[in-house]
Amino acid sequence: MKIIGILTSGGDSPGMNAAINGILKTAFINKIKVFGIYNGFKGLYKNNIKEIIKNKKINLINIGGTFLRSSRFKEFENKNIRIKAIDNLKKKKIDSLIIIGGNGSYIGSKYLIKEGFSCICLPGTIDNDVICTDYSIGYFTALETIVEAIDRIRDTACSHKSIFIIEIMGRYCGNLTIASAIAGKCEFFIIPEINFNIKNLIYEIKLKLLKGINNIIIAITENIYNIKKLSKYIRKKIKFEVKTVVLGYIQRGGKPISYDRILGFRMGSYSIKLLIKGYNNICIGIKNNKIIFKNIIKEINKIT
Ligand code: F6P
C-alpha cells in the first residue's frame with residue numbers, strides 16, 4: 001500500500017484546501033494512506049505529522065487558507081535539517097510527498113529529491129509566478145479581491161478628486177498588478193518587468209489632469225518603490241492630493257472562487273493518478289486549459 005504525505009508551504013493561497021481535497025478524495029478511493037504534514041517544511045522537521053483518517057469529515061473545498069497551515073523555513077537549506085525531516089517521513093513509512101506552494105516550496109522539493117526522497121509539486125500561490133503553469137492555485141481569487149478593492153477605492157477617488165497609489169502583492173512578479181489594473185481600469189501600472197520612469201509618470205498624470213480626469217489610480221507591485229515617498233514626490237510635483245493604500249494580506253485570504261476550487265481539485269486529484277502510474281519528482285501545471293506535468297528538477301535547473 002502506498003503511503004503519502006501532503007504539505008503546504010510559503011504564503012497560503014485560496015484553493016490550497018481544494019487541492020488537498022482532490023488529493024484526499026482520489027487517494028482514499030485508491031486505498032492510499034495519507035499523512036498531513038502541519039506547518040510546512042518547519043513542521044516536517046519538527047515531526048508535526050498526523051494521519052488523515054478517511055472518514056473524518058473535513059470541510060475543505062470552500063475554505064480559504066490551508067488547513068495544514070504553512071510557514072516559511074529558510075533553515076531547510078541546511079542538510080542536517082533535511083536529513084532529520086526525511087527521517088521523520090521514513091519513520092511513518094511515507095514514500096512520496098505532495099507539496100503545494102510557490103517557487104520556494106519547489107526548491108524545498110528539489111532538496112528532498114536530491115536526498116533521494118520523491119516529491120510531486122502543485123503550484124499554490126496568489127503571485128502566479130510558478131514555473132510550468134499558466135495559472136497557480138489562488139491567483140484568480142486574489143485577482144477578484146484586488147479588483148473589488150480597486151472598485152471601492154475608485155468611489156472615493158471620484159468623490160474626492162484624488163490620486164491613489166495602490167500597492168499590490170506579487171513579490172517580484174507583476175502578473176497580479178497588470179491583470180487587476182486592466183480589470184480595475186487603473187490609469188497607470190508599475191510592475192517589476194517594465195522599467196519605470198518617474199518623470200514620464202508625472203508628465204502623463206499632468207496630461208490626464210489637463211484633460212479633466214481628476215480621479216487617477218496607479219497600481220504598483222510591492223517591492224519596487226516606497227509608495228509613501230512616491231506619493232510625496234508626485235504631490236510636490238503636481239500639487240494634487242495623492243493617497244496610498246497597501247492592500248496587504250487581504251489579498252491572500254477569503255473563500256476561493258470556483259475556478260480556484262476546480263483547479264486545485266483537478267491538480268490534486270491528477271497528482272495521485274500520476275503517482276499510481278509510477279510518476280514521481282514532477283510538478284503539475286495547467287497549460288492551455290489542460291493539466292500537465294513536467295520533470296521538476298529539469299524545470300528548476302532551467303531557472304536557477
Ligand atoms: O508569495 C505570496 C506572498 O503573499 C507575496 O505576494 C508576498 O510578497 C509574500 O507572500 C509575503 O510573505 P509573508 O507571508 O512571508 O509576509
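This note goes through the ligand site and the domain layout of the structure.

1. The model is predicted, so that local features need pLDDT of at least 70 and side-chain atom pairs count only at pLDDT 80 or more, while totals for chains, interfaces and linings use all residues. Residues are numbered from 1 along each chain as its sequence is written, and side-chain values use heavy atoms, with hydrogens and water left out.

2. The domain assignment, which is automatic or from a database, divides the protein chain into domain 1 (3–138 + 256–301) and domain 2 (140–251). Their contact, meaning heavy atoms within 4.5 Å, takes 12 residues from domain 1 and 11 residues from domain 2. The C-alpha centres of domain 1 and domain 2 lie 34 Å apart.

3. Around the ligand stand Arg72, Thr125, Asp127, Met169, Gly170, Arg171, Glu222, Tyr249 and Arg252. This shell comprises five charged, two polar and two nonpolar residues, with Gly counted as polar and Tyr as nonpolar. At least three residues of the shell come from each of domain 1 (3–138 + 256–301) and domain 2 (140–251).

4. A polar side-chain atom of Arg72 lies 2.6 Å from a ligand oxygen, and one of Arg252 lies 2.9 Å from a ligand oxygen. From Gly170 it is a backbone N or O atom that lies 3.2 Å from an oxygen atom of the ligand.

5. Taken alone, the ligand exposes 400 Å², by the Shrake-Rupley method with a 1.4 Å probe, and the protein buries 78% of that area.

Methods. Near = heavy atom within 4 Å. Polar contact = N/O pair within 3.5 Å; in protein donor to acceptor, adjacent residues only side chain to side chain.
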